[in-house]
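Subject: Structure handover

Hello,

Here is the structure I promised you. Please open it alongside this note; my findings follow below.

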Amino acid sequence: MNTRALVKANASGNLPAHVAQLAESARDYADAGMAANTRRAYAGDWRDFDGWCADMSVTSLPASAETVALYLTDRAGSVSVATLGRRLAAIRTAHKSADAAVPTSGALTQVWAGIRRLHGRPPAPKRAMLLDDVRKAVQAMPNTLAGKRDRALLLVGFGGGLRRSELAAIEIEGPDAGPVRLRFVGGGLEIHLHRSKADQEGRGAVVAIPHGSRLDSCPVQAVKAWLADAAIKAGPVFRGVDRWGTVGGTALTPYAVALVVKAAAERIGLDAEAFAGHSLRAGLATSAAANDAPAHVIMQHMRHARFETTKRYIREGERFTHNAASMAGL
């Protein structure tokens with residue numbers, strides 16, 4: 001079904017009112033089929049391809065396989081292979097959405113394979129913030145409102161293995177709370193996720209974060225202290241704090257969460273550029289693997305959809321503890 005055609009007909013007044021309403025609903029459902037971040041990225045990718053086609057005086061929709069191959073060739077070397085792969089996916093998605101034939105040919109396949117072979121580079125992952133790093137970072141936090149917020153953010157992000165977008169979205173459980181909710185329970189605290197990156201269909205998940213083995217690195221106590229001192233009783237948990245110590249009413253952005261992690265790393269003498277929002281999530285999985293946590297426990301807590309993802313963290317965590325050279329007695 002071409003939802004664009006239905007909406008266009010609706011705009012021109014060619015559809016009865018009840019069918020027009022259905023067309024609008026169909027468009028909304030089609031939009032909801034893709035994550036907002038992916039949709040924004042694809043929109044930018046399509047603008048680049050469409051602009052290139054205009055400059056070259058060729059048609060972008062429908063595009064021929066030769067046009068796409070030439071576009072990839074022109075961008076190869078100046079754009080990462082990962083970005084080019086996403087742009088290729090965006091081009092295919094645009095054609096599918098318009099009910100146009102997806103450009104494909106043996107020559108295009110060969111060109112793309114050659115680009116990946118010649119220009120492909122393994123991604124440079126950000127460093128994991130391991131347990132010792134987190135403990136040092138929270139101990140180095142200033143005893144200010146912002147410091148208490150950042151202490152709680154680091155410990156919850158690490159303990160829950162949360163993505164930066166999930167951390168930013170946490171709200172105190174209540175009737176008006178959003179899709180990521182926090183509540184305190186006997187064993188610690190729970191983060192209720194109604195939807196996440198790996199759960200686009202909204203099945204939901206509950207992440208349990210237990211009390212810490214040490215008071216100075218207990219995520220539960222850190223969150224309670226932050227909420228009490230900031231007088232937050234409802235709404236977003238992690239909010240902005242200005243230079244005068246005034247707590248804002250809106251949630252931190254995912255980008256701001258990443259800046260908190262970078263600043264915490266720099267405060268303990270680490271290279272801030274080597275860390276990002278994902279460092280807390282990676283740090284938990286790697287630290288758990290280093291402490292011989294069972295693979296299925298790590299996978300469940302991290303909410304990985306594929307075991308291959310979990311295995312990557314396990315390999316990193318066991319790099320020295322399960323090492324052939326050390327087991328050989330070197």
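Buried here means under 20% relative accessible area. Keep in mind that this is a predicted model.

**Helix H8**

By that cut-off, H8 is mostly covered: 13 of its 16 residues are buried. The helix runs over residues 145–160. From first C-alpha to last it reaches 22 Å, close to the 22 Å expected at 1.5 Å a residue. Just after H8 comes glycine 161, with a positive phi of about 60 degrees.

Leaving aside neighbours within four places in sequence, arginine 149 is in contact with Trp226, Phe238, Arg239, Gly240, Val241, Leu252 and Val260.

**Nonpolar cores**

The largest nonpolar core has 52 residues. Leu167, Ile170, Ile191, Phe238 and Leu280 have the most contacts inside it. Take leucine 167: not counting residues up to four places away in sequence, it touches Leu153, Val156, Gly157, Leu162, Phe238, Val257 and Leu280. There is also a second, separate core of 20 residues. That core includes Ala69, Val81, Leu108 and Ile115.

**Alanine 128**

Where is alanine 128 placed? Look in the loop between helix H6 (106–119) and helix H7 (131–139). Alanine 128 has a relative accessible area of 17%, so it is buried. Its C-alpha atom and that of alanine 282 are separated by 5.0 Å. Not counting residues up to four places away in sequence, alanine 128 touches Asp133, Phe275, Ser279, Ala282, Gly283 and Thr286.

**H3 against H5**

Helix H3 (residues 36–56) packs with helix H5 (residues 81–97) at an angle of about 90 degrees. Their axes are 9 Å apart. Angles of 65 to 115 degrees count as roughly perpendicular, so H3 and H5 are roughly perpendicular to each other. On the H3 side, the contact is made by Ala41, Tyr42, Asp45, Trp46, Asp48 and Phe49. H5 brings Arg86, Arg87, Ala89, Ala90, Ile91, Thr93, Ala94 and His95. The residues of this contact divide into 8 nonpolar, 2 polar and 4 charged.

Best wishes

How values were computed: Residues numbered from 1 in each chain as written. Predicted model: local features only at pLDDT ≥ 70, side-chain atom pairs only at ≥ 80, totals over all residues. Heavy atoms only, no water. Helix = DSSP H or I, 4+ residues; strand = E, 2+ residues; numbered from the N terminus. Buried < 20%, exposed > 50% of the residue type's maximum accessible area, 1.4 Å probe, protein only. Contact = heavy atoms within 4.5 Å. Core = buried A, V, L, I, M, F, W, Y, C linked by side-chain atoms within 4.5 Å. Expected span 1.5 Å × (residues − 1). Axes fitted to C-alpha atoms, helices over the stretch in contact; angles between N-to-C directions. Parallel < 35°, antiparallel > 145°, perpendicular 65-115°, else oblique. Nonpolar A, V, L, I, M, F, W, Y, C, P; charged D, E, K, R; others polar.
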